[in-house]
Amino acid sequence: MNIEEFRTYCLQKKGVTESFPFDQQTLVFKVMGKMFALSGLEHIPARVNLKCDPERSLELREEYEQGIYPGYHMSKVHWNTVLIEDQIPPQLLLELIDHSYDLVVSKLTRKLKNELENL
């Protein structure tokens with residue numbers, strides 16, 4: 001998966017916006033204003049940061065030593081940096097994006113969940 005395919009997949013999820021809140025090189029995806037994915041566009045190979053359950057993060061890092069690392073400039077407990085080109089099976093990457101999105105949605109307030117549902 002390349003960065004454009006990653007971007008397209010993220011943007012088709014309900015309630016998602018993209019922006020550059022930090023600088024012109026860090027693309028951030030938010031659901032209802034809460035960050036669930038980001039990517040430094042200057043990195044080669046392409047990599048993204050995704051939120052992840054802490055226990056699953058450890059398992060993934062062990063299984064994919066060459067493709068999944070503790071989150072770069074993020075909480076190492078709740079975020080992973082994932083190399084998205086050729087290191088991780090595409091289906092797993094889609095699952096990790098979905099997992100990150102779902103984790104963030106699960107923590108939204110009831111009001112925001114209702115707004116998301118009604119989009």
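In what order do the six strands of the open sheet lie? This is a predicted model, in which local features need pLDDT of at least 70 and side-chain atom pairs count only at pLDDT 80 or more, while totals for chains, interfaces and linings use all residues. Residues are numbered from 1 along each chain as its sequence is written, and side-chain values use heavy atoms, without hydrogens and water.

Select the strands (DSSP runs of E, at least two residues, numbered from the N terminus). The order is β1-β2-β3-β4-β6-β5, with antiparallel pairing (a pair needs at least two DSSP bridges). β1 (16-19) and β5 (68-70) are the edge strands; each has a single partner, so one side of each lacks a neighbour in the sheet. On average, neighbouring strands are turned by 25° against each other, direction ignored (axes are lines fitted to C-alpha atoms, for helices over the stretch in contact; angles run from 0 to 180 degrees between N-to-C directions).

Next, select residues 34-40 and 47-51: these are β3 and β4, antiparallel and joined by two bridges. Leu38 stands opposite Asn49 in β4.

Select Ile97 and its surroundings. Beyond its neighbours within four places in sequence, Ile97 is in contact (heavy atoms within 4.5 Å) with Phe6, Tyr9, Cys10, Lys13, Phe36 and Leu50.

Finish with the largest nonpolar core, 29 residues (buried Ala, Val, Leu, Ile, Met, Phe, Trp, Tyr and Cys joined through side-chain atoms within 4.5 Å; buried means under 20% relative accessible area, 1.4 Å probe, protein chains only). Phe6, Phe29, Val31, Phe36, Leu50, Val82 and Ile97 touch the most other members. α1 (3-11), β2, β3, β4 and α3 each give two or more residues, and α3 gives the largest share, seven.

Technical notes
Helices (H or I, at least four residues) and strands (E, at least two) are DSSP runs, numbered from the N terminus. Buried means under 20% relative accessible area, exposed over 50%, partly exposed in between (1.4 Å probe, protein chains only).
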